[in-house]
Amino acid sequence: MDDAAHLTRAVELALRGPAYGPNPRVGCVIVSRDGVVLGEGWHHGAGTPHAEPTALDDAARRGNDVTGATAYVTLEPCNHTGRTGPCTDALTRAGIGAVVYAVEDPNPEAAGGGEVLRSRGIDARFTPLDAAAAVTRRWRGAVAHQRPWVIAKWAQTLDGRTAAADGTSFWITGEEARAHAHGVRAEVDAILVGTGTVRADDPALSARPPHVADPHQPLRAVMGLTDTFGAKVWRDDHAVALRTRDPHEALAALEAREVRTVVVEGGGTITTAFLRAGLVDEVHAYIAPAILGSGTNAVGDLGIATMGGALRGLDVTATVLGVDTLVTAFFQRGLQ
């Protein structure tokens, strides 16, 4: 098998780790000189060993000697001490002969692992792989911009309405679309809405994906200056009040809590504020085959007067969910 095949396997392992949390999903495969897999591992979440030490432990449990072997890793091995020690040291102590990594680490505190390994006589090679980059796209964006990755999510009719003229909005989309949205909630660190949404809808803001017994529950964040105490969102301490109307300040407060990904679901006013501030990295628009002709717009005035100024997404996909369609688009450049 070639480098790409082993890295692809490492990606498969990385996807077994949690999408949420302050750390990225990383997978590692250790392969002997003659192509035999000696050990595999992935990162299980913050505070647990990284993928490289996990793969080394797996090789030891199998009784395999990794001296001179090659470690294939989806992300450049870290070179700092955080909750765990540097992966560069673990690989060096184990006698690994070469390291192939698919994504360079953008974190200034942990970057440079490849250079360190090379300085120790280990053949460390950067071999890009799109699938590995996709796994860490949101995390890398959050690290690069020192703020949470923002997913703006809404459900709309074909004519772009998120509520009827009388204010009703349940349900625009069908069960399949709502189930998908709950699956996304279970993969992010926080859900953010405005005080207006809390007062109007009293949402639970919980993740309830079907057929998942105990899904991860994101932090519930409410942005605004109006008191909403007594609402469902405050049912336990896994919620935070962001006493501001400034999207930058809201994200700074979430960043301080190690939030890496946040879904903004707070209606057109909040969505428009984040778009105007240039803080939306990804859009999830669930579109139902319905027409209202009047009502609330999904997005308000962005100050864009011409088609040439339109915000246009990258890597756009359309997914059919029952009778509805999910359109996903990325808006953060340089992180494909």
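Mentor: D58 is buried, its relative accessible area being 13%; buried means under 20% relative accessible area, exposed over 50% and partly exposed in between, with a 1.4 Å probe and protein chains only. This is a predicted model, in which local features need pLDDT of at least 70 and side-chain atom pairs count only at pLDDT 80 or more, while totals for chains, interfaces and linings use all residues. Residues are numbered from 1 along each chain as its sequence is written, and side-chain values use heavy atoms, with hydrogens and water left out.

Trainee: Which side chain meets that of D58 in a salt bridge?

Mentor: A salt bridge is a side-chain nitrogen of Lys or Arg within 4 Å of a carboxyl oxygen of Asp or Glu. Here the partner of D58 is R62, at 3.0 Å from N to O. R62 is partly exposed, with a relative accessible area of 42%.

Trainee: How many salt bridges does the whole structure hold?

Mentor: The search finds 16. One of them joins R125 to D3, with the closest N and O atoms 2.9 Å apart. R125 lies in strand β5 and D3 in helix α1, so the pair ties together parts 122 residues apart in sequence. Helices (H or I, at least four residues) and strands (E, at least two) are DSSP runs, numbered from the N terminus.

Trainee: Are R125 and D3 buried or partly exposed?

Mentor: R125 is partly exposed at 30% relative accessibility, and D3 is partly exposed at 21%. Salt bridges with shared partners join D3, D123 and R125 into one network.
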